[in-house]
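Biologist: Hi! Could you walk me through this one? I'd like to start inside a chain and then move on to the interface.

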Amino acid sequence: MPLITQENVLDALRKVQDPELHRDIVSLGMVKNLDVSNGKVRFTVELTTPACPLRETIDADCRRALAGIGVNDFEIAFGAQVRGSKSGAGQVDLLPTVKNVVLVAAGKGGVGKSTVASNLAVALKKHGATVGLLDADIYGPSVPILMGVRDNPEKIAVNGGYKLKPPIAHGLPVMSIGFFLEPDQAVIWRGPMLGKALQQLMADVAWGDLDYLIVDMPPGTGDVQITFSQQLKVTGAVLVATPQQVALADVVRAKSMFDKVMVPIVGIIENMSYFICDNCNKKHEIFSRGGAERAAENFKIPFLGEIPITPALREWGDKGVPILVQEPNSEVSKIFMDVAAKLAGRISIISESARKAQALKIVSS
Amino acid sequence: MEAHVPVEINHVKAQRVVRITWDDGHVGEYALDYLRGFCPCAGCQGHSGDLKFVHVPDAELAGISPVGNYAIMFHWSDGHETGIYTYQYLRSLCPCDECKRQASEQR
(Lines give C-alpha, C1' and ligand atoms only; values in the text may rest on other atoms or scores of the structure.)
Protein backbone atom coordinates (compact mmCIF):
# COMPACT_ATOMS: atom_id res chain seq x y z
CA MET A 1 0.00 0.00 0.00
CA PRO A 2 1.43 3.40 -0.93
CA LEU A 3 2.13 5.88 1.81
CA ILE A 4 -0.80 8.22 2.37
CA THR A 5 0.10 11.88 2.70
CA GLN A 6 -1.96 15.04 3.06
CA GLU A 7 -1.18 15.82 -0.58
CA ASN A 8 -2.47 12.42 -1.78
CA VAL A 9 -5.70 12.96 0.11
CA LEU A 10 -6.17 16.51 -1.15
CA ASP A 11 -5.49 15.38 -4.72
CA ALA A 12 -8.12 12.69 -4.37
CA LEU A 13 -10.63 15.10 -2.83
CA ARG A 14 -10.10 17.49 -5.72
CA LYS A 15 -12.21 15.03 -7.71
CA VAL A 16 -15.17 15.69 -5.41
CA GLN A 17 -17.33 18.47 -6.75
CA ASP A 18 -19.84 20.53 -4.88
CA PRO A 19 -22.85 19.51 -6.99
CA GLU A 20 -24.31 23.01 -6.84
CA LEU A 21 -21.28 25.24 -7.13
CA HIS A 22 -19.67 22.97 -9.77
CA ARG A 23 -16.21 23.34 -8.33
CA ASP A 24 -14.17 20.89 -6.34
CA ILE A 25 -14.38 21.02 -2.58
CA VAL A 26 -10.63 21.56 -2.13
CA SER A 27 -10.39 24.73 -4.21
CA LEU A 28 -13.61 25.96 -2.59
CA GLY A 29 -11.80 25.69 0.75
CA MET A 30 -14.40 23.33 2.16
CA VAL A 31 -11.92 20.74 3.44
CA LYS A 32 -10.84 21.67 6.96
CA ASN A 33 -8.78 20.14 9.76
CA LEU A 34 -7.22 17.50 7.54
CA ASP A 35 -5.22 15.10 9.61
CA VAL A 36 -3.32 12.08 8.32
CA SER A 37 -1.63 9.94 10.89
CA ASN A 38 -0.82 6.21 11.03
CA GLY A 39 -2.76 5.64 7.85
CA LYS A 40 -5.91 7.14 9.31
CA VAL A 41 -7.46 10.15 7.57
CA ARG A 42 -9.66 12.64 9.36
CA PHE A 43 -11.16 15.84 8.02
CA THR A 44 -14.18 18.11 8.19
CA VAL A 45 -16.19 19.15 5.18
CA GLU A 46 -17.42 22.66 5.74
CA LEU A 47 -20.69 23.02 3.85
CA THR A 48 -21.92 26.40 2.64
CA THR A 49 -25.13 26.05 4.63
CA PRO A 50 -26.25 23.84 7.52
CA ALA A 51 -29.42 23.29 5.50
CA CYS A 52 -27.37 21.70 2.72
CA PRO A 53 -29.58 19.43 0.61
CA LEU A 54 -26.56 17.64 -0.90
CA ARG A 55 -24.71 16.47 2.15
CA GLU A 56 -25.23 12.77 1.37
CA THR A 57 -23.97 13.19 -2.18
CA ILE A 58 -20.82 14.94 -1.02
CA ASP A 59 -20.28 12.36 1.70
CA ALA A 60 -20.60 9.47 -0.76
CA ASP A 61 -18.27 11.16 -3.28
CA CYS A 62 -15.62 11.72 -0.59
CA ARG A 63 -15.78 8.06 0.42
CA ARG A 64 -15.41 6.99 -3.18
CA ALA A 65 -12.43 9.33 -3.70
CA LEU A 66 -10.69 8.01 -0.57
CA ALA A 67 -11.32 4.41 -1.58
CA GLY A 68 -9.76 5.28 -4.93
CA ILE A 69 -6.40 5.94 -3.29
CA GLY A 70 -6.67 2.97 -0.99
CA VAL A 71 -7.71 4.77 2.19
CA ASN A 72 -10.14 2.66 4.16
CA ASP A 73 -9.63 4.10 7.61
CA PHE A 74 -11.19 7.54 7.73
CA GLU A 75 -13.53 9.85 9.59
CA ILE A 76 -15.47 12.54 7.77
CA ALA A 77 -17.15 15.18 9.88
CA PHE A 78 -19.53 17.80 8.58
CA GLY A 79 -19.68 21.44 9.60
CA ALA A 80 -21.18 24.50 8.01
CA GLN A 81 -20.04 28.01 7.41
CA VAL A 82 -22.56 30.14 5.56
CA ARG A 83 -20.83 32.44 3.11
CA GLY A 84 -22.13 35.90 2.40
CA SER A 85 -22.78 37.42 -0.98
CA LYS A 86 -20.97 40.62 -0.16
CA SER A 87 -17.58 41.62 -1.38
CA GLY A 88 -15.16 43.92 0.36
CA ALA A 89 -15.50 47.02 -1.80
CA GLY A 90 -18.60 49.05 -2.17
CA GLN A 91 -21.09 51.19 -0.42
CA VAL A 92 -21.32 51.61 3.32
CA ASP A 93 -22.65 48.28 4.49
CA LEU A 94 -25.70 48.93 6.63
CA LEU A 95 -25.77 45.33 7.80
CA PRO A 96 -22.13 44.34 8.31
CA THR A 97 -22.98 41.38 10.55
CA VAL A 98 -25.52 39.87 8.17
CA LYS A 99 -24.15 37.49 5.55
CA ASN A 100 -27.19 37.12 3.34
CA VAL A 101 -30.24 39.35 2.97
CA VAL A 102 -33.13 37.44 1.42
CA LEU A 103 -36.32 39.27 0.42
CA VAL A 104 -39.61 37.37 0.46
CA ALA A 105 -41.68 39.21 -2.11
CA ALA A 106 -44.71 39.01 -4.35
CA GLY A 107 -46.29 41.20 -6.95
CA LYS A 108 -49.62 41.13 -5.13
CA GLY A 109 -50.98 40.94 -1.61
CA GLY A 110 -52.71 38.06 0.11
CA VAL A 111 -50.52 35.24 -1.19
CA GLY A 112 -49.12 34.42 2.24
CA LYS A 113 -45.75 36.14 2.12
CA SER A 114 -45.66 36.72 5.88
CA THR A 115 -46.64 33.14 6.72
CA VAL A 116 -44.07 31.80 4.28
CA ALA A 117 -41.39 34.24 5.48
CA SER A 118 -41.82 33.44 9.18
CA ASN A 119 -41.98 29.69 8.66
CA LEU A 120 -38.97 29.71 6.34
CA ALA A 121 -37.01 31.68 8.93
CA VAL A 122 -37.91 29.11 11.60
CA ALA A 123 -37.10 26.24 9.21
CA LEU A 124 -33.64 27.64 8.41
CA LYS A 125 -33.02 28.01 12.13
CA LYS A 126 -34.06 24.39 12.69
CA HIS A 127 -31.55 23.39 10.03
CA GLY A 128 -28.92 25.01 12.27
CA ALA A 129 -28.41 28.46 10.74
CA THR A 130 -28.54 31.78 12.58
CA VAL A 131 -31.51 33.65 11.23
CA GLY A 132 -33.24 36.98 11.77
CA LEU A 133 -36.68 38.07 10.57
CA LEU A 134 -37.41 41.62 9.43
CA ASP A 135 -40.97 42.66 8.71
CA ALA A 136 -40.84 45.51 6.22
CA ASP A 137 -44.51 45.33 5.29
CA ILE A 138 -45.39 48.86 6.28
CA TYR A 139 -48.99 48.55 5.10
CA GLY A 140 -49.80 45.39 6.99
CA PRO A 141 -47.09 44.35 9.41
CA SER A 142 -48.25 40.88 10.44
CA VAL A 143 -45.04 39.29 11.70
CA PRO A 144 -45.66 40.44 15.33
CA ILE A 145 -48.93 38.48 15.26
CA LEU A 146 -47.55 35.43 13.43
CA MET A 147 -44.51 35.18 15.70
CA GLY A 148 -46.41 36.16 18.84
CA VAL A 149 -44.11 39.03 19.79
CA ARG A 150 -45.47 41.69 22.07
CA ASP A 151 -42.27 43.12 23.56
CA ASN A 152 -41.04 46.30 22.05
CA PRO A 153 -37.41 46.51 20.96
CA GLU A 154 -35.03 47.65 23.64
CA LYS A 155 -32.68 50.58 23.16
CA ILE A 156 -29.08 49.68 23.81
CA ALA A 157 -25.90 51.75 23.68
CA VAL A 158 -23.54 50.71 20.88
CA ASN A 159 -20.27 52.50 20.08
CA GLY A 160 -21.39 55.81 21.49
CA GLY A 161 -24.77 55.70 19.74
CA TYR A 162 -27.98 53.81 20.24
CA LYS A 163 -29.30 50.76 18.50
CA LEU A 164 -32.46 48.73 18.82
CA LYS A 165 -32.19 45.24 20.17
CA PRO A 166 -34.77 43.06 18.45
CA PRO A 167 -37.03 40.97 20.70
CA ILE A 168 -36.53 37.22 20.38
CA ALA A 169 -39.47 35.07 19.30
CA HIS A 170 -39.15 31.28 19.06
CA GLY A 171 -35.38 31.72 19.07
CA LEU A 172 -35.24 34.33 16.29
CA PRO A 173 -34.49 38.04 16.55
CA VAL A 174 -37.51 39.76 15.05
CA MET A 175 -37.95 43.36 13.99
CA SER A 176 -41.11 44.86 12.59
CA ILE A 177 -42.21 48.29 11.55
CA GLY A 178 -45.35 47.31 13.44
CA PHE A 179 -43.49 47.77 16.75
CA PHE A 180 -43.45 51.51 16.13
CA LEU A 181 -47.08 51.95 15.19
CA GLU A 182 -50.23 52.09 17.25
CA PRO A 183 -52.00 48.77 16.70
CA ASP A 184 -54.95 50.07 14.71
CA GLN A 185 -53.24 52.89 12.94
CA ALA A 186 -52.66 52.93 9.23
CA VAL A 187 -49.39 54.08 7.74
CA ILE A 188 -50.05 57.00 5.45
CA TRP A 189 -46.56 58.02 4.52
CA ARG A 190 -45.19 59.30 1.28
CA GLY A 191 -41.88 58.18 -0.15
CA PRO A 192 -39.41 60.29 1.85
CA MET A 193 -40.96 59.37 5.21
CA LEU A 194 -40.98 55.74 4.21
CA GLY A 195 -37.37 55.87 3.17
CA LYS A 196 -36.39 57.29 6.56
CA ALA A 197 -38.32 54.66 8.50
CA LEU A 198 -36.85 51.83 6.43
CA GLN A 199 -33.35 53.25 6.74
CA GLN A 200 -33.75 53.02 10.53
CA LEU A 201 -35.04 49.46 10.32
CA MET A 202 -31.96 48.60 8.27
CA ALA A 203 -29.20 50.54 9.97
CA ASP A 204 -30.24 50.95 13.59
CA VAL A 205 -30.97 47.37 14.58
CA ALA A 206 -28.39 45.33 16.48
CA TRP A 207 -28.97 42.01 14.73
CA GLY A 208 -25.75 40.36 15.80
CA ASP A 209 -24.15 37.81 13.48
CA LEU A 210 -26.68 36.31 11.10
CA ASP A 211 -26.33 33.78 8.30
CA TYR A 212 -29.66 34.84 6.82
CA LEU A 213 -31.88 37.84 7.34
CA ILE A 214 -35.32 37.00 5.96
CA VAL A 215 -37.23 40.14 4.99
CA ASP A 216 -41.00 40.07 4.69
CA MET A 217 -41.68 42.66 1.99
CA PRO A 218 -44.88 44.58 1.35
CA PRO A 219 -46.70 43.55 -1.82
CA GLY A 220 -45.99 45.15 -5.14
CA THR A 221 -43.18 46.94 -6.86
CA GLY A 222 -42.90 50.31 -5.17
CA ASP A 223 -40.95 52.53 -2.83
CA VAL A 224 -40.00 49.89 -0.27
CA GLN A 225 -38.62 47.51 -2.91
CA ILE A 226 -36.58 50.30 -4.48
CA THR A 227 -35.21 51.42 -1.12
CA PHE A 228 -34.09 47.89 -0.26
CA SER A 229 -32.42 47.31 -3.59
CA GLN A 230 -30.56 50.63 -3.40
CA GLN A 231 -29.55 50.67 0.25
CA LEU A 232 -28.53 47.05 0.72
CA LYS A 233 -26.51 44.42 -1.02
CA VAL A 234 -29.42 42.03 -1.32
CA THR A 235 -28.44 38.41 -1.93
CA GLY A 236 -31.70 37.51 -3.62
CA ALA A 237 -35.47 37.54 -3.62
CA VAL A 238 -37.89 34.65 -3.19
CA LEU A 239 -41.20 35.08 -4.99
CA VAL A 240 -44.37 33.74 -3.41
CA ALA A 241 -47.33 33.07 -5.68
CA THR A 242 -50.69 31.39 -5.62
CA PRO A 243 -51.40 29.06 -8.52
CA GLN A 244 -54.09 30.87 -10.52
CA GLN A 245 -53.29 32.68 -13.76
CA VAL A 246 -54.24 36.13 -12.53
CA ALA A 247 -51.86 35.91 -9.58
CA LEU A 248 -49.05 34.73 -11.81
CA ALA A 249 -49.22 37.88 -13.90
CA ASP A 250 -47.94 39.67 -10.82
CA VAL A 251 -45.04 37.25 -10.47
CA VAL A 252 -43.88 38.42 -13.87
CA ARG A 253 -44.02 42.04 -12.77
CA ALA A 254 -42.10 41.32 -9.57
CA LYS A 255 -39.47 39.45 -11.55
CA SER A 256 -39.03 42.25 -14.04
CA MET A 257 -38.55 44.76 -11.22
CA PHE A 258 -35.87 42.65 -9.53
CA ASP A 259 -34.17 42.13 -12.90
CA LYS A 260 -33.91 45.88 -13.35
CA VAL A 261 -32.17 46.38 -10.01
CA MET A 262 -30.12 43.20 -10.51
CA VAL A 263 -31.40 41.36 -7.46
CA PRO A 264 -31.21 37.65 -8.33
CA ILE A 265 -34.39 35.61 -8.00
CA VAL A 266 -33.65 32.73 -5.64
CA GLY A 267 -36.79 30.85 -6.64
CA ILE A 268 -40.58 30.67 -6.62
CA ILE A 269 -42.70 29.11 -3.89
CA GLU A 270 -46.30 28.22 -4.65
CA ASN A 271 -48.55 28.80 -1.66
CA MET A 272 -52.13 27.52 -1.28
CA SER A 273 -51.35 24.82 -3.85
CA TYR A 274 -53.99 22.37 -2.68
CA PHE A 275 -56.13 21.42 0.27
CA ILE A 276 -56.26 17.93 1.72
CA CYS A 277 -59.76 17.21 2.96
CA ASP A 278 -59.62 15.84 6.49
CA ASN A 279 -62.71 13.79 5.73
CA CYS A 280 -62.02 12.16 2.39
CA ASN A 281 -58.23 12.75 2.14
CA LYS A 282 -58.70 14.02 -1.40
CA LYS A 283 -56.42 16.80 -2.61
CA HIS A 284 -58.61 19.71 -3.67
CA GLU A 285 -56.85 22.13 -5.98
CA ILE A 286 -58.86 25.18 -5.07
CA PHE A 287 -56.90 27.79 -7.01
CA SER A 288 -55.75 25.17 -9.54
CA ARG A 289 -52.25 23.90 -9.07
CA GLY A 290 -48.85 23.97 -10.70
CA GLY A 291 -49.22 27.46 -12.15
CA ALA A 292 -46.19 28.77 -10.30
CA GLU A 293 -44.14 25.78 -11.41
CA ARG A 294 -45.05 26.48 -15.05
CA ALA A 295 -44.16 30.16 -14.58
CA ALA A 296 -40.86 29.09 -13.03
CA GLU A 297 -40.15 26.94 -16.08
CA ASN A 298 -41.05 29.75 -18.48
CA PHE A 299 -38.73 32.21 -16.81
CA LYS A 300 -36.03 29.68 -15.92
CA ILE A 301 -36.40 30.36 -12.22
CA PRO A 302 -35.91 27.47 -9.79
CA PHE A 303 -39.14 26.16 -8.31
CA LEU A 304 -38.75 25.63 -4.57
CA GLY A 305 -41.97 23.84 -3.67
CA GLU A 306 -45.71 23.78 -3.07
CA ILE A 307 -47.27 24.66 0.25
CA PRO A 308 -50.77 23.28 0.80
CA ILE A 309 -53.68 25.16 2.35
CA THR A 310 -53.62 23.86 5.90
CA PRO A 311 -56.08 25.05 8.55
CA ALA A 312 -53.51 24.36 11.30
CA LEU A 313 -51.01 26.64 9.57
CA ARG A 314 -53.47 29.51 9.71
CA GLU A 315 -54.70 28.65 13.19
CA TRP A 316 -51.24 28.55 14.81
CA GLY A 317 -50.20 31.61 12.86
CA ASP A 318 -53.06 33.54 14.41
CA LYS A 319 -51.98 32.32 17.85
CA GLY A 320 -48.43 33.53 17.24
CA VAL A 321 -46.80 30.12 17.05
CA PRO A 322 -45.29 29.04 13.71
CA ILE A 323 -46.49 25.58 12.76
CA LEU A 324 -42.87 24.41 12.64
CA VAL A 325 -42.65 25.05 16.38
CA GLN A 326 -46.07 23.67 17.28
CA GLU A 327 -46.29 20.66 14.97
CA PRO A 328 -42.77 19.98 13.71
CA ASN A 329 -43.71 16.55 12.37
CA SER A 330 -46.76 17.62 10.40
CA GLU A 331 -46.81 17.30 6.62
CA VAL A 332 -46.69 21.06 6.07
CA SER A 333 -43.75 21.47 8.48
CA LYS A 334 -41.81 18.87 6.52
CA ILE A 335 -42.58 20.76 3.33
CA PHE A 336 -41.27 23.98 4.85
CA MET A 337 -38.06 22.23 5.96
CA ASP A 338 -37.60 20.89 2.45
CA VAL A 339 -38.26 24.28 0.82
CA ALA A 340 -35.83 25.94 3.25
CA ALA A 341 -33.10 23.45 2.32
CA LYS A 342 -33.60 24.11 -1.38
CA LEU A 343 -33.58 27.84 -0.69
CA ALA A 344 -30.35 27.63 1.28
CA GLY A 345 -28.73 25.61 -1.49
CA ARG A 346 -29.71 28.20 -4.09
CA ILE A 347 -28.45 31.04 -1.88
CA SER A 348 -25.05 29.34 -1.66
CA ILE A 349 -24.86 29.25 -5.45
CA ILE A 350 -25.95 32.86 -5.84
CA SER A 351 -23.56 34.08 -3.13
CA GLU A 352 -20.67 32.34 -4.80
CA SER A 353 -21.25 34.01 -8.17
CA ALA A 354 -22.24 37.34 -6.58
CA ARG A 355 -18.97 37.53 -4.69
CA LYS A 356 -17.16 37.25 -7.98
CA ALA A 357 -19.38 39.71 -9.83
CA GLN A 358 -19.44 42.28 -7.07
CA ALA A 359 -15.72 42.59 -6.68
CA LEU A 360 -16.10 46.09 -8.12
CA LYS A 361 -13.09 48.26 -7.47
CA ILE A 362 -13.58 52.00 -7.27
CA VAL A 363 -10.30 53.87 -7.42
CA SER A 364 -8.95 57.23 -8.34
CA SER A 365 -5.54 57.84 -9.81
CA MET B 1 -29.16 42.43 -24.27
CA GLU B 2 -26.69 40.73 -22.02
CA ALA B 3 -26.26 42.48 -18.68
CA HIS B 4 -22.71 43.56 -18.02
CA VAL B 5 -21.28 44.69 -14.72
CA PRO B 6 -18.23 46.87 -14.19
CA VAL B 7 -15.23 45.33 -12.42
CA GLU B 8 -13.24 48.54 -12.04
CA ILE B 9 -14.13 52.21 -12.07
CA ASN B 10 -11.10 54.46 -12.11
CA HIS B 11 -11.33 58.23 -11.81
CA VAL B 12 -8.20 59.35 -13.68
CA LYS B 13 -7.91 62.88 -12.32
CA ALA B 14 -5.09 64.09 -14.58
CA GLN B 15 -7.08 63.26 -17.72
CA ARG B 16 -10.49 64.26 -16.30
CA VAL B 17 -11.98 60.92 -17.28
CA VAL B 18 -13.60 57.95 -15.61
CA ARG B 19 -12.24 54.70 -17.00
CA ILE B 20 -14.63 51.76 -16.63
CA THR B 21 -13.47 48.17 -17.10
CA TRP B 22 -16.34 45.72 -17.65
CA ASP B 23 -16.66 42.04 -16.81
CA ASP B 24 -16.28 41.13 -20.50
CA GLY B 25 -12.95 42.96 -20.68
CA HIS B 26 -14.39 45.99 -22.47
CA VAL B 27 -12.86 49.32 -21.39
CA GLY B 28 -14.52 52.71 -21.87
CA GLU B 29 -13.24 56.19 -21.05
CA TYR B 30 -15.88 58.72 -20.13
CA ALA B 31 -14.94 62.41 -20.03
CA LEU B 32 -16.28 64.08 -16.88
CA ASP B 33 -18.28 66.67 -18.85
CA TYR B 34 -19.84 63.88 -20.90
CA LEU B 35 -20.83 61.88 -17.79
CA ARG B 36 -22.25 64.90 -16.02
CA GLY B 37 -24.11 66.04 -19.14
CA PHE B 38 -25.93 62.70 -19.37
CA CYS B 39 -26.87 62.63 -15.68
CA PRO B 40 -29.99 60.44 -15.57
CA CYS B 41 -31.74 62.18 -12.67
CA ALA B 42 -35.21 63.63 -13.15
CA GLY B 43 -33.90 67.13 -12.54
CA CYS B 44 -31.52 66.88 -15.50
CA GLN B 45 -33.65 64.70 -17.79
CA GLY B 46 -37.16 65.94 -17.08
CA HIS B 47 -40.02 63.72 -18.10
CA SER B 48 -40.11 64.00 -21.88
CA GLY B 49 -38.49 60.60 -22.35
CA ASP B 50 -35.82 61.79 -24.78
CA LEU B 51 -32.24 61.59 -23.60
CA LYS B 52 -30.89 65.09 -23.01
CA PHE B 53 -27.38 66.40 -22.67
CA VAL B 54 -27.19 69.15 -20.05
CA HIS B 55 -23.85 70.88 -20.38
CA VAL B 56 -22.24 71.78 -17.05
CA PRO B 57 -18.81 73.28 -17.75
CA ASP B 58 -15.81 72.11 -15.73
CA ALA B 59 -17.69 69.38 -13.90
CA GLU B 60 -15.48 67.92 -11.19
CA LEU B 61 -16.00 64.57 -9.57
CA ALA B 62 -15.88 64.46 -5.77
CA GLY B 63 -16.75 60.82 -5.24
CA ILE B 64 -18.19 57.59 -6.64
CA SER B 65 -20.34 55.15 -4.72
CA PRO B 66 -22.15 51.96 -5.70
CA VAL B 67 -25.93 51.66 -5.39
CA GLY B 68 -27.21 48.19 -4.48
CA ASN B 69 -26.24 45.54 -7.01
CA TYR B 70 -27.05 47.51 -10.12
CA ALA B 71 -25.89 51.11 -10.28
CA ILE B 72 -23.36 53.82 -9.50
CA MET B 73 -23.83 57.26 -8.03
CA PHE B 74 -21.46 60.08 -8.99
CA HIS B 75 -21.01 62.86 -6.47
CA TRP B 76 -20.16 66.10 -8.26
CA SER B 77 -18.20 68.88 -6.59
CA ASP B 78 -21.09 71.36 -6.96
CA GLY B 79 -23.16 69.11 -4.68
CA HIS B 80 -25.22 67.45 -7.45
CA GLU B 81 -25.62 63.75 -6.65
CA THR B 82 -29.12 62.67 -7.55
CA GLY B 83 -28.20 60.69 -10.65
CA ILE B 84 -28.31 56.91 -10.30
CA TYR B 85 -26.42 55.53 -13.30
CA THR B 86 -27.49 51.90 -13.78
CA TYR B 87 -24.82 49.59 -15.17
CA GLN B 88 -26.98 49.11 -18.25
CA TYR B 89 -27.24 52.88 -18.79
CA LEU B 90 -23.51 53.41 -18.23
CA ARG B 91 -22.70 50.72 -20.75
CA SER B 92 -25.08 52.26 -23.29
CA LEU B 93 -23.28 55.59 -22.80
CA CYS B 94 -19.88 54.08 -23.55
CA PRO B 95 -18.22 56.59 -25.89
CA CYS B 96 -15.64 54.27 -27.45
CA ASP B 97 -15.63 53.97 -31.27
CA GLU B 98 -16.81 50.37 -31.28
CA CYS B 99 -19.83 51.06 -29.03
CA LYS B 100 -20.78 54.22 -30.93
CA ARG B 101 -20.65 52.34 -34.23
CA GLN B 102 -22.87 49.56 -32.83
CA ALA B 103 -25.31 52.11 -31.43
CA SER B 104 -25.63 53.92 -34.76
CA GLU B 105 -26.12 50.60 -36.59
CA GLN B 106 -28.97 49.74 -34.26
CA ARG B 107 -30.66 53.07 -34.92
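Biologist: Let's begin with A:Asn100: is that residue buried or exposed?

Modeller: A:Asn100 is buried, because its relative accessible area is 0%, and the cut-off for buried is under 20%. Keep in mind that this is a predicted model.

Biologist: Where is A:Asn100 found?

Modeller: A:Asn100 sits in strand S6 of chain A, which covers residues 98–105.

Biologist: And which side chains make a polar contact with the side chain of A:Asn100?

Modeller: One of them is A:Ser351, whose side chain is joined to that of A:Asn100 by a polar contact of 2.9 Å. The side chain of A:Thr235 makes another polar contact with the A:Asn100 side chain, at 3.2 Å.

Biologist: Nice. Switching to the interface: how many residues of chain A and chain B are in contact?

Modeller: On chain A there are 21 residues in contact with 21 residues of chain B. The area buried between the two chains is about 1700 Å², and carbon and sulfur atoms give 54% of that.

Biologist: How many salt bridges does the rule find across the interface?

Modeller: It finds 1 salt bridge between chain A and chain B. In that pairing, the side chains of A:Lys361 and B:Glu8 meet at 3.8 Å, N to O.

Biologist: Which elements of chain A each supply at least two residues to the side that touches chain B?

Modeller: Those are helix H6 (223–231) and strand S17 (361–364). S17(A) gives the largest share of that side, with 4 residues. By class, the side of chain A touching chain B has 11 nonpolar, 7 polar and 3 charged residues.

Biologist: Which strand of chain B is joined to S17(A)?

Modeller: That's strand S1 of chain B, residues 6–12; the two strands run parallel and are joined by 4 bridges. In this pairing A:Lys361 stands opposite B:Glu8 of S1(B), and those two residues also form the salt bridge.

Biologist: How many residue pairs are in polar contact between the chains?

Modeller: The count is 12 residue pairs between chain A and chain B, both residues at pLDDT 80 or more.

Biologist: Last topic, backbone angles. Which residue has a positive phi of about 50° although it is not a glycine?

Modeller: That one is A:Asn38. Its place is the loop between strands S3 (31–37) and S4 (40–47) of chain A.

Biologist: Is A:Asn38 buried or exposed?

Modeller: A:Asn38 counts as exposed, because its relative accessibility is 82% and the cut-off is over 50%.

Biologist: And what about phi at A:Met272?

Modeller: A:Met272 has a positive phi of about 60°, although it is not a glycine. A:Met272 lies in strand S14 of chain A, residues 265–276.

Definitions and conventions. Residues numbered from 1 in each chain as written. Chains lettered and ligands numbered in written order. Predicted model: local features only at pLDDT ≥ 70, side-chain atom pairs only at ≥ 80, totals over all residues. Heavy atoms only, no water. Contact = heavy atoms within 4.5 Å. Buried area = accessible area lost by both parts, 1.4 Å probe. Salt bridge = Lys/Arg side-chain N within 4 Å of Asp/Glu carboxyl O. Polar contact = N/O pair within 3.5 Å; in protein donor to acceptor, adjacent residues only side chain to side chain. Nonpolar A, V, L, I, M, F, W, Y, C, P; charged D, E, K, R; others polar. Pairing = 2+ DSSP bridges. Buried < 20%, exposed > 50% of the residue type's maximum accessible area, 1.4 Å probe, protein only.
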